[in-house]
Amino acid sequence: MAAPASSSAAAAAAPASSSPPKPPNNAATSTTTTTMLDPQSSPYPDAAASSVSSASSSSTSSSSSSSSQADRSSTFSLDSSSAATPSSSPRRPHRASDVAWAPIRGRALGPRDFTLLRRVGAGDIGTVYLCRLEGGQAEAAAAACAYAMKVVDRRALARKGKLGRAAAEKRVLRRLDHPFLPTMFADFDAGTDFSCIVMEFCPGGDLHSLRHRMPGRRFPLASARFYAAEVLLALEYLHMMGIVYRDLKPENVLIRGDGHIMLTDFDLSLESTASPSLEDARSGGSDKKGEDARAPAPICLPIPELQLLRLRRWKRRAAAPRPRFVAEPVDARSSSFVGTHEYVAPEVARGGGHGAAVDWWAYGVFLYELIYGRTPFVGETNEATLRNIVRRPLEFPAAPAASHGDAAAARDLIARLLDKDPRTRLGSKRGAADVKAHGFFKGLNLALLRSSPPPVVPPAAAPLHRCDDKAADVQQLFDHF
C-alpha cells in the first residue's frame, strides 16, 4: 500500500539517500522497537552514550540530533536487566493471561528459536517480521500464536545518527504495562550488529488503513468515539509515566486480534517526570450543584413518600464528587522539531519549545481525521501545512441538517483541543482528566472499555507457514548465530 501523504518530520529532515521508504499501512508497521548497548563493549559509541545519558532525546535529523540530546527534563537509571541479552521479558499484570506467554515463559530465547515468515513492515528504525516460535512442546503451544519481531540494524542506525532514538524507544517499551500499549515478550541480539524485539502481532492493520475501508473514508461517530477513548487512556498512562508521546497519528494505532487498539512507535517520545495526584472534581470551578452540596438536611415532612424523595435528593447533592486522577508531565520541555507535519502543534511548527500539550493538539487532529476523513490543516506541501497550522483558523465541513448533539460535542472537543495557545489548550493543565470529562465521552464507561465490544473485529488469522523471500534472507542471517 502506498505511504500516506504526510511524512514524519524526522524522516523528512534526514538525507534522502540514507532514509528507507516510509512503511506501508499494515499490521505491524509501527511496531518499531530498539535496543540498548553495553557502553563498555559496543562498537557504536553513539548508542553507548545514549544509553547512559539522560539527555538522549528523539532527534529528527542528522543536523539536529546532537542539539536535541539535552532535551530531557529528568534522568532515568538503567539497571542490568536492560542489557540486550537472550531472555524472555517478565510478564506484565495486564497481559499476564495472554496465551502468547505460554510457549515463551521461562525460556532463554535467541534468534535460532524463531522462524521469520514474512515481512509486515519497514520503518525508520528497523523492519518488522511476522514470526513463529520453534522447538519441542513450545512449537505446539505456539501454533496459534503469531509474534512480531522487530529487527534493528545498528550499523544502519549509526550511519543515520539515530541510535539515540532507538535507545530511547527501548527504554520506554521496557516500562509499559497497559492494555492499549505494546507488550514486549523477549529481546535478544543476533551478533553484534542486529537487535531483535519480540512483541505481539496485530492482524487488524492500523486505523489509517481501516479508515480507508470505511464508507466515505471516515468512521461513524460511535466508532470514532470508541477508538478515540482507547487512545485517550493510552495517552493518560504514558503521561502518568512522564512520557510525552509526540507521534500520534492513525498509522501508529494498530488493531489487535480482538479489535482493540495498540499504540506503537516510541522513538520520538520525550521522557520526563509526572506526579500523579487525586484532585477534587470541583477544583476547576464549582457549579450550582456543587454549591448546593452543603445544603442543610431537609426537615421532616408529614407525607412519608415526599419525605423519602426529598431525602434521596439531598443525599445526592450532599455526596462529595468523585476525585479526578490527574497525571500530566507539566515540566516536560523540548525544542526539537519532531512529529509528522500534519499533526505537529503550532508551538513546534514555529520552532519554539514545547511540552506535553503537543500530545493534546495531535489528539485533536487525530479525532478530526477519524470523523471527517482528513486532517484540518493539510496543505499542498509540508511547508504549506506548517503555515496553515500556525496561521489558519480551524474550520469544519458543513454540518448536515440532521446532525445531532454528539456531532456538536465532537466539534466542541476538537475546537478546544486545537487551541493554538498551548496554555489554554484542553488537557494542558489536568491532562486526560479534563478531556475525559468532556461531554463527547458522556455515557461511555472508560473503566470497562477493554471489555466492551469494538466496532471492528479482524478475521481469524491464516495458518503460520508461509515464508517469503525477504524474510528468508534475514532467516539465513539468523542461522549463523
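This is a predicted model: local features need pLDDT of at least 70, side-chain atom pairs count only at pLDDT 80 or more; totals for chains, interfaces and linings use all residues.
1. **Overall make-up.** The chain has 481 residues, and 51% of them are buried. Its secondary structure consists of 15 helices and twelve strands.

2. **Surface and contacts.** About 21,200 Å² of the chain is accessible surface. Carbon and sulfur atoms supply 54% of that area. Consider next the contacts with a separation of 6 or more: 73% of them link residues 24 or more positions apart.

3. Strand S2 spans residues 114-122, and strand S3 spans residues 127-133. The two are antiparallel and share seven bridges. Thr-127 in S3 sits opposite Ala-122.

4. **From S3 to S4.** S3 also pairs with S4, again in the antiparallel sense. Here the count is five bridges.

5. **From S4 to S6.** S4 has a further antiparallel partner in strand S6, residues 194-200, through seven bridges. Met-199 in S6 lies opposite Ala-148.

6. **Burial of S4.** Is strand S4 enclosed or open? Strand S4 covers residues 147-153, and six of its seven residues are buried, so the rest of the structure largely encloses it.

7. **The H11-H13 packing.** Helix H11 is residues 357-372, and helix H13 is residues 405-417. Their axes lie 8 Å apart, at an angle of about 145°. The crossing of H11 past H13 is left-handed. On the H11 side, the contact uses Trp-360, Trp-361, Tyr-363, Gly-364, Leu-367, Tyr-368, Ile-371 and Tyr-372. On the H13 side, it uses Ala-410, Arg-411, Leu-413, Ile-414 and Leu-417.

8. How many disulfides does the model contain? The count is zero under a sulfur-to-sulfur cut-off of 2.5 Å. Cys-196 belongs to none, and the nearest cysteine sulfur, from Cys-131, is 9.2 Å away.

9. **Cysteine burial.** Are Cys-196 and Cys-202 buried or exposed? The cut-off for buried is under 20% relative accessible area. Cys-196 has a relative accessible area of 0%, so it is buried. Cys-202 comes to 1% relative accessibility and therefore also counts as buried.

Conventions
Residues are numbered from 1 along each chain as its sequence is written. Side-chain values use heavy atoms; hydrogens and water are left out. Buried means under 20% relative accessible area, exposed over 50%, partly exposed in between (1.4 Å probe, protein chains only). Helices (H or I, at least four residues) and strands (E, at least two) are DSSP runs, numbered from the N terminus. Contact means heavy atoms within 4.5 Å. Accessible areas come from the Shrake-Rupley method with a 1.4 Å probe; for residues, only the protein chains shown count as cover. Two strands pair if DSSP finds at least two bridges between them. Axes are lines fitted to C-alpha atoms, for helices over the stretch in contact, and angles run from 0 to 180 degrees between N-to-C directions. A crossing is left-handed if the near helix is turned anticlockwise from the far one by less than a right angle, and right-handed if clockwise.
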